[in-house]
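Colleague: I would like to go through a few residues with you. Please put the model up before we start.

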Amino acid sequence: MDRYQRMELDFEHLEEQQEYLVRMKGLLAARLGVPLAAVHSYGCQGNAADTERIKGLLAQMGYRFTDDLDRADLILYNTCAVRENAEDRVFGNVGALKKRKEQKPDLLIVLCGCMTQQPAVAEKIKKSYPYVDLVLGAGAYHLLPKLLYDRLTGGKRSFTLLDESPLVVENQPVSRDGGCKAWLPIMYGCDNFCSYCIVPYVRGRERSRTPAHVAEEARRLLDEGVKDITLLGQNVNSYGKGLEGAPTFAGLLEELNSLPGEFRIRFMTSHPKDCTRELIDTIARCDKVCKHLHLPLQSGSNRVLREMNRRYTAEQYLELVDYARETIPGLSLTSDIIVGFPGETREEFEETLGMIERVGYTSLFTFLYSRRSGTRAAQMEDPVPQEEKSRWLRELLAVQEPIGMGVHQAQVGETLPILADGLGKTGEGMLCGRTDTNIIVEFPGSPQLIGQFVMVRITQARNWALLGERI
C-alpha cells in the first residue's frame, strides 16, 4: 500500500482513542481525584508542537500540570535524538527518577519521541531502566490513552515503536500556554537522508498534512488570539509531496496569507535544494509572511556538501541567496553551520568562512559535528582532533559576530511594528518581541501590551538583540 494512502486510516484511531480517554478520566478520578502530570520536551520546535498534543490528550484524561516532580503522578519526557548530549541529558534525568519510583510505586514514567524510536535506545531502557513504564517512538503519542489504561489496569510495561511510515493523526486535542505565538506542524518526517542526520530514521519518511487541515488549525489559532504562527516541518519546501492535487508550500503560504486578521506567518526549516524561485516570489508578495529565510548552508565546501548528501553546491546556494535578496527587500538570512564534519580540512573550513562573509547572515546556529550511530557519517574517518574543531568554531563565531552586529546597527533609527510577546530580559518594565525579519527587540512597556502590535523606534543595537522605545 502506498504510504500516503495510509494517512486515510488516521480517523479509524479516533473512536478508540476517545473511548480510552473516557476510561482513563474515570479511572484517574476514582484513584487520584485530580492527577498531576509533569511533562518536559527536549530538542526542536517539532518536539514542542508534539508535546502540546501530548498535553492535550493528558488534559482530556483529567490531568493537570506541574513542574514539581515530587508532586507528579505521571512524568513524561518527550526526547530528542539529534545530538548525543541530548540523549545523555535524558538518560541522566531518567536515572534520577529511580528513587522517586521507589518512594512512589504508583508513579507512571513515560518516555517518547525521537530518541526512543531508536531500537538500541529502546533496548537500553528496557534492560537498564526497569522502572520506566511506557516507551513510545516518534509519532506514536496518539496511542497514549490506551497504553496508559492498559498499564494502570495491570498490563506490563510496553514499548511501541512505529515503522518508517507512521500515520498523520488529525483532530488531536492541543494544550497550549495561551500565548500569542504558536507552532503549526504542516508535515512530518524527512526524505533527505543527510549523512550526519538521524531524523529520517526516527521520524520516518515525509508525510504532509492536507492544506485544508493546516488552514483549519490556523483559523482556530487565530480565533484563540494567536498573532504569530510558525509553520513547522523538517523540510517545509518539500511540503505536499504525495498529496492529491500536488499542493506546494508556496501555495500553502498564499492560502494562509489570505486568512483575515492581523498576524504574522513564519516557517522553518527550508532545505536549499527545494527552495524555488516561486517560493521566494510568494514570500515577497505575501504581506503576512515574514521577510526572513532560514536556509541551512551547513558547509561552504562542495566536497563536504557531497559527503553530507546535501545535493546542492555552494554556487547554487549563492545564486539562490542573490535572487532572494533582489526579490525581497530587507530580507534577513539565517543559517545552520556544522563545524568539523568527518574529513573536513582546514582549507574546506576556510571555504565556509568565505561563504559567511559573502552572504552576510543576520545570525547563525553553529554546531560541532556530533556523531550519530546509524548514520553514514558515523562510519567516516574523522582525523581532526576535537580541540582543533573547537578552535575552528571559535574562529567562525569571531567572523560572524561583527557581520551580525552590522545588520543590527543598520536597524537603528528605524520605526518597526513589533508584536509584544513576552517580558524582556534587560530589566524590569521591559517587553520583548521580534521584527518582521526575526530579530529580537526589547522596549519599555506595560505587560498589558503583550499580544498587541506596537510601533517601536530602534535606538540601540546589541549583538543578540535590538533595544527601542515605543512610539
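Modeller: Buried means under 20% relative accessible area, exposed over 50%, and partly exposed in between, with a 1.4 Å probe and protein chains only. This is a predicted model, where local features need pLDDT of at least 70, side-chain atom pairs count only at pLDDT 80 or more, and totals for chains, interfaces and linings use all residues. Residues are numbered from 1 along each chain as its sequence is written, and side-chain values use heavy atoms, leaving out hydrogens and water.

Colleague: Is Glu469 buried, partly exposed or exposed?

Modeller: Glu469 sits in strand S19, residues 466-470 (strands are DSSP runs of E, at least two residues, and helices are runs of H or I, at least four, numbered from the N terminus). The relative accessible area of Glu469 is 33%, so the residue is partly exposed.

Colleague: Which side chain is joined to that of Glu469 by a polar contact of 2.4 Å?

Modeller: A polar contact is a pair of N or O atoms within 3.5 Å; within protein, one must be able to donate a hydrogen and the other to accept it, and residues adjacent in sequence count only if both atoms are side-chain atoms. Beyond four places in sequence, Glu469 touches residues including Met455, Val456 and Arg457 (contact means heavy atoms within 4.5 Å). The polar partner at 2.4 Å is the side chain of Arg457.

Colleague: Is Pro260 buried or exposed?

Modeller: Pro260 lies in the loop between helix H10 (249-257) and strand S11 (264-268). Leaving aside neighbours within four places in sequence, Pro260 contacts Leu222 and Lys288. With a relative accessible area of 69%, Pro260 is exposed.
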